[in-house]
Structures are given as C-alpha cells and as structure tokens.
Amino acid sequence: MMSLRSAPLKALLTLVALLSSRVASESGSALSVSEIEDIFYLYDVPENDAPDCQPQSVDNIICPKDEQLPCGPIENIVEYCENILGGADIVKKFEDVKEIEAGKNALAGCVKYIGYHVFDLDHMACCESDFCEDWIGEQFEKFAMSEEAENAQTGGQEDGMFYDDDDDDMDDDMDDDGFEQEF
C-alpha cells in the first residue's frame with residue numbers, strides 16, 4: 001500500500017516527465033521513431049514528386065553526424081536508416097513493399113533523403129555535409145568530362161547525327177556567326 005506522501009510525489013514526477021517529453025517534442029529536439037518514419041515516407045517517391053528537404057531543425061535530428069556517411073557505401077546508409085527507424089525489425093516491415101508502391105517504404109525514403117548518390121540512385125542529398133559536397137562536385141566533374149570525351153569521339157555527333165551545338169535555335173551546320181562549320 002502507498003503512503004500518502006509517495007502518491008503525490010509519484011503523480012508530480014509523472015506530470016513532470018510528461019511535460020518535459022512534450023516540451024522536447026514541440027521544440028524539435030526529439031522525434032519519435034513513428035514521426036521519423038512519417039517523414040521518410042514522404043521521400044519514397046519518384047524524385048520529381050518528392051518534397052523539399054526538411055528544415056535544419058529536423059535535419060539535426062534525422063541526419064547522420066558522420067559527414068562521410070551520405071556519400072559512402074550504400075550499405076552504410078541503409079544500416080544508418082535501419083537504426084534511426086528502429087533497428088533490424090524495420091527491414092522485415094518493408095521487405096514486401098514493392099518498389100512501385102510510392103510512399104510505402106520509409107527505409108527507402110530514408111536512403112534517398114540521406115544519400116548523395118544522385119546520378120545512379122536518384123538520392124536527394126538533403127543532409128548537410130561539406131565532405132559530401134566536395135565528393136558530389138567531383139562526381140559532376142567526372143560526368144562532364146565523360147560527356148566531353150564522348151563528344152570528342154563522335155565528332156559532335158549523337159546517334160550518327162550531327163549535334164548542332166550553337167545557340168541560334170536552328171538545326172543547321174552553321175555556327176552563330178553564319179559561317180559553315182567544318183567537320
């Protein structure tokens with residue numbers, strides 16, 4: 001049986017605990033696993049249908065502290081997402097979700113949100129990372145150089161057709177100055 005002194009004390013402690021968790025949740029300093037899951041469902045959609053990245057206050061909670069993780073191996077991003085979404089059981093929860101079922105897989109949405117693999121996996125690169133910004137810059141440079149190399153090999157032609165690279169909005173073999181281009 002409870003004494004009269006301990007009952008009010010327990011009630012007061014319960015009230016303080018409830019209020020402090022409510023304040024933490026409202027201030028953005030903490031999100032439940034369910035709330036994090038709801039955020040990542042939004043990003044399990046085709047890239048053009050995805051909303052903008054979350055505000056910095058939310059990113060501070062859901063993004064990895066390790067700035068190298070978002071542009072690192074995909075397995076590491078998946079592992080991070082599994083952990084933030086509640087552990088290994090999350091994999092079982094989403095393993096039967098088909099890729100075409102947009103908005104149904106928070107794990108896939110998390111990987112897209114956090115990852116920086118924008119060329120090959122349509123990641124969104126939402127989490128701030130100076131390291132990954134440099135990395136993605138290098139990826140863009142490699143992509144641009146491979147495009148230039150391909151154009152050099154084909155002589156400006158694509159699929160056997162001459163590529164009109166001037167900006168006069170006319171498909172012709174004249175350059176912007178009206179002179180015929182040499183091949």
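**Figure 1. A disulfide joins C53 to C126 in this predicted model, with an S to S distance of 2.0 Å.** The link of C53 and C126 is left-handed, with -70° about the S-S bond. C53 sits in the loop between α2 (33–41) and α3, while C126 belongs to the loop between α7 (118–121) and α8 (130–154), so this pair ties together parts that are 73 residues apart in sequence.

**Figure 2. C71 and C132 form a disulfide, S to S 2.3 Å.** Its torsion about the S-S bond is about -80°, so the disulfide is left-handed. Since C71 lies in the loop between α3 and α4 (74–84) and C132 in helix α8, parts that are 61 residues apart in sequence are tied together. C71 and C132 are buried.

**Figure 3. Here C81 meets C110 in a disulfide, S to S 2.1 Å.** The torsion about this S-S bond is about -80°, so the link is left-handed. Helix α4 holds C81 and helix α6 (residues 106–114) holds C110, so the pair ties together parts that are 29 residues apart in sequence. Both cysteines, C81 and C110, are buried. To place these views in context, the whole structure has four disulfides, and their pattern is 1-6, 2-7, 3-8, 4-5, counting bonded cysteines along the chain.

**Figure 4. The second largest pocket holds about 160 Å³ of space.** Its lining includes Q56, D59, N60, C63, K65 and C127. Helix α3 (residues 56–62) gives the most to this lining, with three residues.

Conventions. Residues numbered from 1 in each chain as written. Predicted model: local features only at pLDDT ≥ 70, side-chain atom pairs only at ≥ 80, totals over all residues. Heavy atoms only, no water. 1 Å grid on protein atoms, 1.4 Å probe; cavity = no way out; pocket = protein on both sides within 12 Å on 5 of 7 lines; lining within 4 Å. Points joined across faces, edges and corners; volume = space filled by probe spheres on them. Helix = DSSP H or I, 4+ residues; strand = E, 2+ residues; numbered from the N terminus. Disulfide = S-S within 2.5 Å. Buried < 20%, exposed > 50% of the residue type's maximum accessible area, 1.4 Å probe, protein only.
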